[in-house]
Amino acid sequence: MPYWVDKGVLPKSAIMVFGGVPKAGKSFISLNLCRNLVLGEPLFGNKELRVEPTTVLLIEHEVGEAGLYKRCAPLFADLNQDQLGRLNDSFLYCSQQRGLEVSSPEGRQLFYDIVGFYRPGVLVLDPIRKLFHGDENSN
C-alpha cells in the first residue's frame, strides 16, 4: 500500500481525523501536516517519518483568509525562496466558501466541483463540523 508518510502513518487512501476540545491545537497540527506534505519534510520534524511531497487543498471554514494568513505566517517564516515557491504552487486553500455545506445537494456539488478542480493529493477540512448543517451525530 502506498503512503504519503512512511512507517504506515498516512496511507494514500486513508482518512485522518484530529479530534479534541476547542482550542486544543487541531488546526495548528493540521497546518503543520500541510507544510510537511507540501514540502516533503519529515513529519513534525521526526526524521524517521519521511513524507512524499504532494499538493494539499485546505477547505477552511473558521478564521477566513486573513485569519488563515495570520496562523500560517509564523509557521512559514523560516522558509527559503524555493520552499515558498513550492508552497505557493502546492498549498491550495478555499476559505469560507459560501454554500459549501455538504448536507445539501447543492453544497455537495460545490464540494465535488472544488475538489475536482484542484485535484489535491491530500484534502484537509477545518473544521469539518462547519461543513454540515444539523446534528453531527445523526445518520
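In the predicted model, helix α1 contributes the largest share of the lining of the largest cavity, namely four residues. Helix α1 spans residues 26-39. Strands β3 and β5 and helix α2 (64-76) also take part, and each of these elements, like α1, supplies at least two lining residues. The structure holds one cavity of 30 Å³ or more. The volume of the largest cavity is about 40 Å³. Its lining consists of S27, S30, L31, C34, L58, E60, L68, R71, V124 and D126. By class, five of these residues are nonpolar, two are polar and three are charged.

Strand β3, which supplies part of this lining, covers residues 56-60. Five of its five residues are buried, so the strand is largely enclosed by the rest of the structure. Burial applies to both of its sides. V56, L58 and E60 point one way, whereas L57 and I59 point the other way.

Two strands pair with β3. Strand β4 (residues 91-95) is joined to β3 in the parallel sense over five bridges. Within this pairing, I59 stands opposite C94 of β4. Strand β5 (residues 122-126) also runs parallel to β3, and five bridges join them. Here the bridge partner of E60 is D126.

The largest pocket has a volume of about 1,000 Å³. It is lined by 35 residues, of which M16, F18, S30, V124 and L125 are the closest to its centre. Strand β2 (10-11), α1 and β5 are the elements that give two or more residues to this lining. The lining comprises 21 nonpolar, seven polar and seven charged residues.

E65, L68, Y69, C72, A73, F76, A77, L84, L87, N88, F91 and Y93 form its lining. Two or more residues come from each of α2, α3 (81-90) and β4. Helix α2 gives the most, with six residues. The lining of the second largest pocket has ten nonpolar residues, one polar residue and one charged residue.

How values were computed. Residues are numbered from 1 along each chain as its sequence is written. This is a predicted model: local features need pLDDT of at least 70, side-chain atom pairs count only at pLDDT 80 or more; totals for chains, interfaces and linings use all residues. Side-chain values use heavy atoms; hydrogens and water are left out. Buried means under 20% relative accessible area, exposed over 50%, partly exposed in between (1.4 Å probe, protein chains only). Two strands pair if DSSP finds at least two bridges between them. On a 1 Å grid over the protein atoms alone, a cavity is a set of points where a 1.4 Å probe fits but cannot get out, and a pocket is an open set with protein on both sides within 12 Å along at least five of seven lines; lining residues have an atom within 4 Å of a point. Grid points are joined across faces, edges and corners, and a volume is the space filled by probe spheres set on the points. Ala, Val, Leu, Ile, Met, Phe, Trp, Tyr, Cys and Pro count as nonpolar, Asp, Glu, Lys and Arg as charged, and the others, Gly among them, as polar.
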